[in-house]
Amino acid sequence: MYELIFLSDRSKRVVSSNAASTFLPVTSGVPQGSVLGPVLFLIYINDIVDLFDGSDVCVKLYADDIKIYLEITNDTDCVTLQIFIDKITVWPHSWQLKLANNKC
């Protein structure tokens with residue numbers, strides 16, 4: 001049986017010049033630069049597209065980006081798109097994620 005050493009029993013510390021902090025446990029995440037990191041993240045956020053089921057709003061996911069769009073033909077379309085923008089701002093909180101508001 002394989003052990004999941006890659007994701008468990010990890011620790012971290014900060015090293016600067018000749019000083020180093022004590023090791024602390026890593027309780028979440030995957031090692032930076034790993035191939036597995038983006039794959040696990042996509043699996044983790046994949047259900048965000050369920051917010052758009054049954055609507056005319058289109059959604060595209062790529063890595064850690066999401067794009068939503070809707071052809072605006074009347075005022076109702078504007079309101080619909082705004083409703084889904086609002087849903088996207090609420091969704092990350094339930095999954096303990098943060099939005100980069102400066103990139104939105």
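In this predicted model, the lining of the largest pocket draws on three elements of secondary structure that each contribute at least two residues: helix α1 (36-45), strand β6 (65-69) and helix α2 (75-94). The volume of this pocket comes to about 870 Å³. Its lining counts 24 residues, and those closest to the pocket centre are Asp-64, Asp-65, Ile-66, Leu-99 and Ala-100.

Helix α1, one of the contributors to that lining, also holds Ile-45. With a relative accessible area of 6%, Ile-45 is buried, because the limit for that class is under 20%. Ile-45 can also be placed relative to Leu-61: the two are 16 residues apart in sequence, and their C-alpha atoms lie 9.4 Å from each other in space. A second pair of positions, Ala-63 and Pro-38, is separated by 25 residues along the chain, while the distance between the two C-alpha atoms is 6.9 Å. Ala-63 belongs to the loop that joins β5 (58-62) to β6. This alanine is partly exposed, with 38% relative accessibility.

Leu-7, Val-35, Leu-36, Val-39, Leu-40 and Ile-43 together make a nonpolar surface patch of about 520 Å². Of these residues, Leu-7 is found in the segment before β1 (11-12). Leu-7 has a relative accessibility of 36% and therefore counts as partly exposed, as this value falls between the 20% and 50% limits.

Helix α2, another contributor to the pocket lining, contains Asp-86. This aspartate is partly exposed, at 38% relative accessibility. Asp-86 and Leu-97 are eleven residues apart along the chain, and 15 Å separates their C-alpha atoms. The phi angle of Gln-96 is near 55°, which is a positive value in a residue other than glycine. Gln-96 is exposed, and its relative accessible area is 76%.

A positive phi is found at Ser-17 as well, where the angle is near 55°, again in a residue other than glycine. Ser-17 sits in the loop between β2 (15-16) and β3 (19-20).

How many disulfides does the model contain? The count is zero. The reason lies in the spacing of the sulfur atoms: a disulfide requires a pair of cysteine sulfurs within 2.5 Å, whereas the sulfur of Cys-58 is 15 Å from the closest cysteine sulfur, that of Cys-78, and so is too far away for a bond. Seen from Cys-78, the closest cysteine sulfur is that of Cys-58, with 15 Å between them. As for solvent accessibility, Cys-58 is partly exposed, at 31% relative accessible area. Cys-78 likewise counts as partly exposed, with a value of 41%.

Definitions and conventions
Residues numbered from 1 in each chain as written. Predicted model: local features only at pLDDT ≥ 70, side-chain atom pairs only at ≥ 80, totals over all residues. Heavy atoms only, no water. Buried < 20%, exposed > 50% of the residue type's maximum accessible area, 1.4 Å probe, protein only. Patch = residues over 30% accessible without salt bridge, like charges linked within 9 Å, V, L, I, M, F, W, Y side chains within 5 Å. Areas by Shrake-Rupley, 256 points an atom, 1.4 Å probe, with all protein chains shown as cover. Salt bridge = Lys/Arg side-chain N within 4 Å of Asp/Glu carboxyl O. Helix = DSSP H or I, 4+ residues; strand = E, 2+ residues; numbered from the N terminus. 1 Å grid on protein atoms, 1.4 Å probe; cavity = no way out; pocket = protein on both sides within 12 Å on 5 of 7 lines; lining within 4 Å. Points joined across faces, edges and corners; volume = space filled by probe spheres on them.
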